[in-house]
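Hi there,

I'm passing along the structure we talked about, with some notes on what turned up in it. Have a look at it first, and then read on.

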Amino acid sequence: MELAFSHSHSQRILRQRNWLAVAAAALAATSAGLFLTTISRDREVVLQPVLRSPLTVSSAGVSRQYLEMITRDTVVLTLDRSPQNLEYWMNEVLEITAPRMQGRIKADLMKIVSEQRGSSIAQFFTIEKMEIDTANLRSKVTGELHTIVGNKVVSSENRTFQYDWEYFGLSLKLIGFGMVTPDKGTNS
């Protein structure tokens with residue numbers, strides 16, 4: 001009788017172990033499935049700008065509204081400068097630049113800083129039209145570039161500037177910008 005009891009007890013423990021192994025395998029499969037679902041789904045962050053509507057940033061790509069807003073802010077940052085804000089101007093442009101392009105863009109900005117430092121030349125840009133290409137992450141902005149010497153406007157020229165972007169993760173970074181010239185494309 002003790003042998004029968006021992007055998008039935010062993011069988012019960014064996015069944016419990018097998019059920020536990022099945023439950024552990026099912027939980028592992030469920031966890032793996034949830035992990036794969038989590039990493040494959042688009043992530044998004046809802047931003048509440050002071051503009052016309054809430055803004056969503058998604059890992060699926062850049063929305064037209066987001067690229068337009070970033071371009072608008074970047075145009076003001078890159079094209080509005082005076083001798084008094086050159087260091088701030090250069091540092092802030094570099095903050096929004098992709099790390100792999102910072103060396104080249106910093107060299108271009110340093111030329112502008114050395115030319116403009118100590119002068120009384122300032123400039124500002126008024127936007128008239130903007131073309132947004134979310135597929136190629138490119139923005140073109142047309143408007144009036146005003147140059148001021150002292151307190152007198154010395155020129156006001158219609159210009160088009162192009163901004164090229166890189167989107168990685170949920171971060172949009174500048175990789176190049178410059179004035180569009182009819183024959184040569186763009187300069188940075």
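A residue counts as buried when its relative accessible area is under 20%. Thr147 has a relative accessible area of 19%, so Thr147 is buried. Please keep in mind that this is a predicted model.

Where does Thr147 lie? Its place is in strand β4, which covers residues 138–149. Setting aside neighbours within four places in sequence, Thr147 is in contact with Ile121, Ala122 and Gln123, and also with Lys152, Val153, Val154 and Ser155.

Now to the helices. Helix α3 (residues 86–95) packs with helix α4 (residues 102–116) at an angle of about 165 degrees, and their axes are 10 Å apart. Since angles over 145 degrees count as roughly antiparallel, α3 and α4 are therefore roughly antiparallel to each other. Their crossing is right-handed. On the α3 side, the residues that meet α4 are Leu86, Glu87, Trp89, Met90, Val93 and Leu94. Their counterparts in α4 are Gln102, Ile105, Lys106, Leu109, Met110, Ile112, Val113 and Gln116. By class, the contact of α3 with α4 has 10 nonpolar, two polar and two charged residues.

Last, the strand pair. Strand β5 (residues 152–168) and strand β6 (residues 171–181) run antiparallel and are joined by eight bridges. One of the residues to look at is Asp164, whose bridge partner in β6 is Gly176. β5 and β6 form a hairpin with two residues between them. In the turn, Gly169 has a positive phi of about 70 degrees.

Enjoy looking through it!

Best wishes

How values were computed: Residues are numbered from 1 along each chain as its sequence is written. This is a predicted model: local features need pLDDT of at least 70, side-chain atom pairs count only at pLDDT 80 or more; totals for chains, interfaces and linings use all residues. Side-chain values use heavy atoms; hydrogens and water are left out. Helices (H or I, at least four residues) and strands (E, at least two) are DSSP runs, numbered from the N terminus. Buried means under 20% relative accessible area, exposed over 50%, partly exposed in between (1.4 Å probe, protein chains only). Contact means heavy atoms within 4.5 Å. Axes are lines fitted to C-alpha atoms, for helices over the stretch in contact, and angles run from 0 to 180 degrees between N-to-C directions. Angles under 35 degrees count as roughly parallel, over 145 as roughly antiparallel, 65 to 115 as roughly perpendicular and the rest as oblique. A crossing is left-handed if the near helix is turned anticlockwise from the far one by less than a right angle, and right-handed if clockwise. Ala, Val, Leu, Ile, Met, Phe, Trp, Tyr, Cys and Pro count as nonpolar, Asp, Glu, Lys and Arg as charged, and the others, Gly among them, as polar. Two strands pair if DSSP finds at least two bridges between them.
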